[in-house]
Amino acid sequence: MNILILTGAGISAESGLSTFRANGGLWDHYPVQQIATPEAFAKNPALVHRFYNERRTALKTVIPNPAHKALAALETALTAKGGQFTLVTQNVDDLHERAGQKNILHMHGELNSIRCTHCNERRVFTSKTSVDMACEICHHGVMRPDIVWFGETPFFMEEIEAALTTCDLFVSIGTSGAVYPAAGFVNMAQSLNKDTLEINLEPSEGSNYFNQTRLGKAGELVPQWCTEILQGL
Ligand code: APR
C-alpha cells in the first residue's frame with residue numbers, strides 16, 4: 001500500500017500551536033501581507049524576525065499530539081511490510097519529526113532552519129534571529145527564516161507530484177484548503193483516480209473533491225483511521 005498524507009496547521013492545534021485562519025489565529029494578529037512575503041521582509045525585516053522568533057519559541061513549549069504519533073506509527077508499520085508512506089506538511093513546526101515520522105517533506109519550509117538571502121546556505125537554528133545575522137559562508141547575504149512566503153515556490157514539488165502519481169490513497173489532515181498548490185493536490189489525486197480522504201475539524205474549501213470526509217479533531221480521528229489501516233495490513 002502506498003499512502004500520501006498532507007497535513008496543515010490543524011494537526012498541530014491540539015498540541016497548542018495556533019492555526020492561521022481561525023478566529024484569533026496567526027493572521028488575525030499579524031496581517032499576512034506584513035509578514036509572509038519577500039516584500040514584507042525587505043520593508044520590515046525586524047517585524048518578520050519577531051513573528052518567527054515568537055513561533056520558534058512557542059515550539060519549545062509544545063509536544064506532538066496523538067495525531068502526530070499515530071501517523072509516525074503507521075509509517076513504521078506500513079514500510080515494515082514493504083509499503084510506502086510519504087508525509088507532505090505545510091507546517092513549519094517539528095512535531096512530526098519529534099513524533100518519530102521519517103519521510104517528511106516540508107513544502108513551506110521549517111521554523112528551526114535559516115537561509116542566506118544571497119547564497120541560500122541553510123543551517124539549523126532554534127533560537128532568535130535578528131536583522132544583522134551575516135552569512136558565515138558567503139559573507140555577502142543576511143540570514144532569513146527558511147520559510148516559503150507567498151509569491152515564492154514551495155519546496156519538493158517534484159517529489160510531491162511523483163508521490164501523487166504513485167500513491168493508492170491521498171489523505172488531507174487539518175488544512176483549510178485555502179492555499180495553493182497544496183489545496184490542488186486533491187484535484188490531481190482525483191484526476192489520477194486515487195482514493196481520497198479528508199480529516200478536518202470542519203469542511204475545507206476542497207471538501208467536495210474528496211471521496212470521504214471525516215469531521216472532527218485530528219487527535220481523535222487520525223488515531224482511529226490509522227488503526228483501521230493497520231488492521232487491514
Ligand atoms: N483537528 C483537525 N482540524 C483542525 C483542528 C483540529 N484539532 N483545529 C483546526 N483544524 C482545521 C481548521 O478547521 C482549518 O480547516 O485546520 C485547518 C487550519 O487551516 P489554516 O489555519 O488555514 O491552516 P493551513 O490550512 O495549514 O494553512 C495553509 O497557509 O498561511 C499559509 O503557509 C501557511 O501553511 C500555511 C497555509
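Where does Phe156 lie? In this predicted model, Phe156 is found in the loop between strand 6 (143-147) and helix 8. Although Phe156 is not a glycine, its phi is positive, at about 65°. The residue is partly exposed, with a relative accessible area of 34%. Phe156 also belongs to the surroundings of His106, being one of the residues that His106 touches.

Helix 8 comprises residues 157-166, and within it Met157, Ile160, Ala163 and Leu164 are buried. These residues lie on the same side of helix 8, because they cover an arc of only 120° around the axis. Such an arrangement follows a general rule: an α-helix has 3.6 residues a turn, so residues three or four places apart point the same way. The cover over the buried residues of helix 8 includes strand 1 (2-7), strand 2 (84-89), strand 3 (104-106) and strand 7 (169-173). Helix 9 (185-191) is also among the elements that cover them.

The side chain of His106 reaches the backbone oxygen of Asn91 at 2.8 Å, and it makes a polar contact of 2.6 Å with the side chain of Glu97. Leaving aside residues up to four places away in sequence, His106 touches Thr89, Asn91, Val92, Asp93, Glu97, Phe155 and Phe156.

The ligand is surrounded by 22 residues, of which the closest are Ala9, Phe20, Arg21, Thr175 and Ser176. A polar backbone atom of Ala9 is 2.8 Å from an oxygen atom of the ligand, and a polar backbone atom of Gly174 is 3.3 Å from an oxygen atom of the ligand. A nitrogen atom of the ligand lies 3.1 Å from a backbone N or O atom of Leu201. Taken alone, the ligand exposes 730 Å², and the protein buries 92% of that area.

Two further loops contain backbone features of note. In the loop between strand 7 and helix 9, a cis peptide bond joins Tyr180 and Pro181, with omega at about 5°. The loop between helix 9 and strand 8 (195-200) holds Asn193. Phi of Asn193 is near 55°, a positive value in a residue other than glycine. Asn193 is exposed, with a relative accessible area of 70%.

The cysteines were examined for disulfides, and a search of the whole structure finds zero. Cys135 is in no disulfide, and the nearest cysteine sulfur, that of Cys116, is 3.6 Å away. Cys135 counts as buried, at 2% relative accessibility. For Cys138, the closest cysteine sulfur is also in Cys116, and the separation of 3.6 Å is too far for a bond. Cys138 likewise counts as buried, at 17% relative accessibility.

Terms used
Residues numbered from 1 in each chain as written. Predicted model: local features only at pLDDT ≥ 70, side-chain atom pairs only at ≥ 80, totals over all residues. Heavy atoms only, no water. Buried < 20%, exposed > 50% of the residue type's maximum accessible area, 1.4 Å probe, protein only. Helix = DSSP H or I, 4+ residues; strand = E, 2+ residues; numbered from the N terminus. Arc of directions from axis to C-beta. Contact = heavy atoms within 4.5 Å. Near = heavy atom within 4 Å. Polar contact = N/O pair within 3.5 Å; in protein donor to acceptor, adjacent residues only side chain to side chain. Areas by Shrake-Rupley, 256 points an atom, 1.4 Å probe, with all protein chains shown as cover. Disulfide = S-S within 2.5 Å.
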